[in-house]
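Please look over the sequence and structure shown below before reading on. The briefing that follows begins with the chain as a whole and then turns to individual elements and residues.

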Amino acid sequence: RVFSVWSPFGRGTPDLPGLVLSLWPGGSCTGVAYRIAADKVEGETKLLWRRELFAGAYKSRWVRLSTEQGSLVAVTFVRNTAAGRDAGRLSMSRTVYHLAHAKGDFGSALG
C-alpha cells in the first residue's frame, strides 16, 4: 500500500489535495478480509462499489488471498493510473507535507 491517489475532496481540497492509500498492481500486502453475510451481499456490494469506484480512482480486481483459515477469493481495489488522480511515487517530503496539512470534508488521511 502506498499513498499514491490524490483526494481533492474527501481528504483534502482542490488547492491542497490529500493523499489516500492504494494497492499497486502486482504487489502484495497484509491486511484484513471482511466476509459479507449472504443476505447482505447485494446491498453492501452496491455501497462498496459506490464508495470505491465513483470517482474512477480505483479499479476492482478479484484476487486470491492466503488466510489462516486457508485460501479464498475476494475483491480488492487497485489504483487506476488513467483516472487523473494518480499521484505516482511521490518523494517522502511531499507525501508527509500533504498528509500533515491537507484536510477535507472527511478530515485528513491520518484520521
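Predicted model: local features only at pLDDT ≥ 70, side-chain atom pairs only at ≥ 80, totals over all residues.

**The chain as a whole**

- The chain contains 2 helices and 4 strands, and, read from the N terminus, its elements follow the order β-β-α-β-β-α.
- Taken along the principal axes, the box filled by the C-alpha atoms of the chain is roughly 40 × 30 × 25 Å.
- The accessible surface of the chain comes to about 7,900 Å², and carbon and sulfur atoms account for 55% of that surface.
- Of the 111 residues in the chain, 27% are buried.
- When contacts in the chain between residues at least 6 apart in sequence are considered, 51% of them join residues at least 24 apart.

- In helix α2, which spans residues 92–101, the buried residues are T95, H98 and L99.
- Viewed down the axis of α2, these buried residues fall within an arc of 100°, and they therefore line one face of the helix.
- The packing partners of the buried residues of α2 are β1 (2–7) and β2 (18–22).

**V20 in strand β2**

- V20 lies in strand β2, and, once its neighbours within four places in sequence are left aside, it is in contact with V2, F3, S4, V5, S7, R11 and Y58.
- Although V20 and S4 are 16 residues apart along the chain, their C-alpha atoms are separated by 6.4 Å.

- Strand β3 (residues 58–67) and strand β4 (residues 70–79) run antiparallel and are joined by 10 bridges, and the two strands form a hairpin with 2 residues between them.
- Within this pairing, Y58 stands opposite R79 in β4, while R61 has T76 in β4 as its bridge partner.
- T76, which is found in strand β4, counts as buried because its relative accessibility is 19%, a value that falls under the 20% cut-off.
- Not counting residues up to four places away in sequence, T76 touches L23, K59, S60, R61 and V63, a list that includes its bridge partner R61.

- D86 is found in the loop between β4 and α2, and it counts as partly exposed because its relative accessibility is 25%, which lies between the limits of 20% for buried and 50% for exposed.
- With neighbours within four places in sequence left aside, D86 is in contact with S4, W6, R79, N80 and T81.
- The C-alpha atoms of D86 and H101, which are 15 residues apart along the chain, are separated by 19 Å.

Terms used
Residues numbered from 1 in each chain as written. Heavy atoms only, no water. Buried < 20%, exposed > 50% of the residue type's maximum accessible area, 1.4 Å probe, protein only. Arc of directions from axis to C-beta. Contact = heavy atoms within 4.5 Å. Pairing = 2+ DSSP bridges. Areas by Shrake-Rupley, 256 points an atom, 1.4 Å probe, with all protein chains shown as cover.
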